[in-house]
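Subject: Structure for your review

Dear colleague,

Please find below the structure that I am handing over to you. My notes on what was found in it follow directly after.

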Amino acid sequence: AMNGQPNAGAIGVRLGTQGTNTTDTLGANSYNTIQNCVIEDYWRAAVQMYGFQGILNPDRGNRIIGVNGGFCEFKNVNVNAGAAADIRTIEMNAQFNPFIENVKISNIKASVMVTNSVYGIRLNPANSATDHVSGNIVIRNVSIDGIWSDGTTPTTSLAVGMDIQQLGLNSTLTIDNCVVKDIYSNGSTTGRAFGLQLNNGFGTGANVTRIQNCNIYDLRAPRSTATGTATGPALHGMNLQATAGVVTYEVYYNTVLLDGNTAPTLAATHSTNLFWGNFSNAVLDLRNNILVNMTQSGTGRNSVLFGS
């Protein structure tokens with residue numbers, strides 16, 4: 001815990017590697033389990049897993065789980081002083097077959113951001129082609145409730161439930177039975193609020209991301225000027241991208257509600273339940289979803305489906 005003394009490097013658990021030999025699997029930090037743990041009052045991350053070579057020698061089989069009716073709980077962050085730096089509650093790179101199940105992330109707030117952002121889960125934050133997450137990635141039964149970039153200082157600051165960038169060759173990502181809610185950015189320019197922000201392709205191969213049985217609601221970005229460009233509007237239930245390469249997104253049995261309960265401060269605030277872009281190498285498969293957008297913002301574009 002930071003105990004009232006802001007420290008942008010405060011991490012609950014960090015699993016890292018010091019090796020450089022990409023053929024020596026003993027140099028990786030693998031098969032660790034973080035189970036039924038509670039971590040509070042961090043800044044950079046509750047759990048940070050950093051390998052050193054995502055293609056040739058990633059860390060393998062690391063897990064963050066709750067068992068026997070329990071959960072890992074990462075919660076109660078309120079950064080209101082100090083120089084701005086991202087909050088990434090679960091952060092990973094260079095991991096193979098990571099597993100996240102039965103996790104609760106709640107009440108993560110910062111009021112010092114300008115361009116830095118607040119995330120529930122962030123995998124491959126640099127969108128690296130070498131230190132990506134790969135294999136069979138599972139995120140199941142995760143609740144993210146309360147991701148805030150608050151205060152008067154944010155400009156382009158994002159608030160994001162899950163941000164998952166480029167995956168390794170022929171990887172699969174499953175996001176199953178998750179709840180993402182109360183996502184708030186007070187950015188005054190292109191700050192945005194995302195339930196899911198995914199860019200899961202690879203240059204070749206056949207990556208598949210399945211999002212199923214998830215509920216996303218209560219997203220707010222009342223001061224945002226973000227519009228219908230390639231980066232999308234102020235509010236996204238899901239933002240699905242394919243700039244990293246070939247990927248199929250399977251989006252099944254989800255509910256995304258933009259309830260419009262927070263009035264925008266601008267006449268032209270834009271929103272969408274599902275945004276997809278840069279899909280020359282991608283497939284979007286939608287089945288049995290409930291998408292409702294009740295946002296009212298004057299001259300803004302408010303849509304259910306928005307392709308760019």
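A residue is called buried here if its relative accessible area is under 20%, exposed if that area is over 50%, and partly exposed in between. Ile144 has a relative accessibility of 0% and is therefore buried. Please bear in mind that this is a predicted model.

Ile144 belongs to strand β12. Leaving out residues up to four places away in sequence, Ile144 touches Ile105, Gly120, Ile121, Gly161, Met162, Val179, Val180, Lys181 and Ile183. Ser128, by contrast, is 16 residues from Ile144 in sequence, and the C-alpha atoms of the two are 25 Å apart in space.

Overall architecture

The protein contains 25 strands and zero helices. The C-alpha trace spans about 60 × 45 × 35 Å along the principal axes. Of the 308 residues, 54% are buried. Among contacts with a separation of 6 or more, 85% are between residues 24 or more positions apart.

The accessible surface amounts to about 11700 Å², and carbon and sulfur atoms contribute 48% of this area. As for charge, there are 17 positive and 18 negative side chains, and the centres of these two sets lie 2 Å apart.

Aromatic pairs

A pair of aromatic rings is described by the distance of the centres and the angle of the planes. The count of such pairs in this protein comes to three. Two of them are described here.

One of the pairs is formed by Trp148 and Tyr184, which are arranged edge-to-face, with 5.0 Å from centre to centre and 70° between the planes. This pair links distant parts of the chain: Trp148 lies in strand β12 (residues 136-149) and Tyr184 in strand β15 (residues 179-185), 36 residues apart. Both Trp148 and Tyr184 are buried.

Tyr249 and Phe279 form another pair, which is stacked, with the centres 5.9 Å apart and an angle of 25° between the planes. This pair also links distant parts of the chain, 30 residues apart, with Tyr249 in strand β20 (residues 247-252) and Phe279 in the loop between β22 (271-277) and β23 (282-287). Tyr249 counts as buried because its relative accessibility is 0%. Phe279 has a relative accessible area of 19% and is therefore buried.

Which strand holds Trp276? Trp276 is found in strand β22. With a relative accessibility of 23%, Trp276 counts as partly exposed. Not counting residues up to four places away in sequence, Trp276 touches Leu240, Leu284, Leu305, Phe306, Gly307 and Ser308. Asn239 is 37 residues from Trp276 in sequence, and their C-alpha atoms are 5.8 Å apart in space.

Asn186 and its loop

Asn186 is located in the loop between β15 and β16 (193-199). Its relative accessibility is 10%, so Asn186 counts as buried. Setting aside neighbours within four places in sequence, Asn186 is in contact with Ser149, Asp150, Gly151, Pro154, Pro222 and Arg223.

Residues with positive phi

Asp218 has a phi near 60°, a positive value in a residue other than glycine. Asp218 lies in strand β18 (residues 215-220), and its relative accessibility of 23% makes Asp218 partly exposed.

Asn288 likewise has a positive phi, near 55°, and is a residue other than glycine. The position of Asn288 is in the loop between β23 and β24 (290-293). Asn288 has a relative accessible area of 52% and is therefore exposed.

With kind regards

Conventions. Residues are numbered from 1 along each chain as its sequence is written. This is a predicted model: local features need pLDDT of at least 70, side-chain atom pairs count only at pLDDT 80 or more; totals for chains, interfaces and linings use all residues. Side-chain values use heavy atoms; hydrogens and water are left out. Helices (H or I, at least four residues) and strands (E, at least two) are DSSP runs, numbered from the N terminus. Buried means under 20% relative accessible area, exposed over 50%, partly exposed in between (1.4 Å probe, protein chains only). Contact means heavy atoms within 4.5 Å. Accessible areas come from the Shrake-Rupley method with a 1.4 Å probe; for residues, only the protein chains shown count as cover. Lys and Arg count as positive and Asp and Glu as negative; His and the chain ends are not counted. The place of a charge is taken as NZ of Lys, CZ of Arg, CG of Asp or CD of Glu. Rings of Phe, Tyr and Trp (its six-membered ring) pair if their centres lie within 6.5 Å; planes under 30 degrees apart count as stacked, over 60 as edge-to-face and the rest as tilted.
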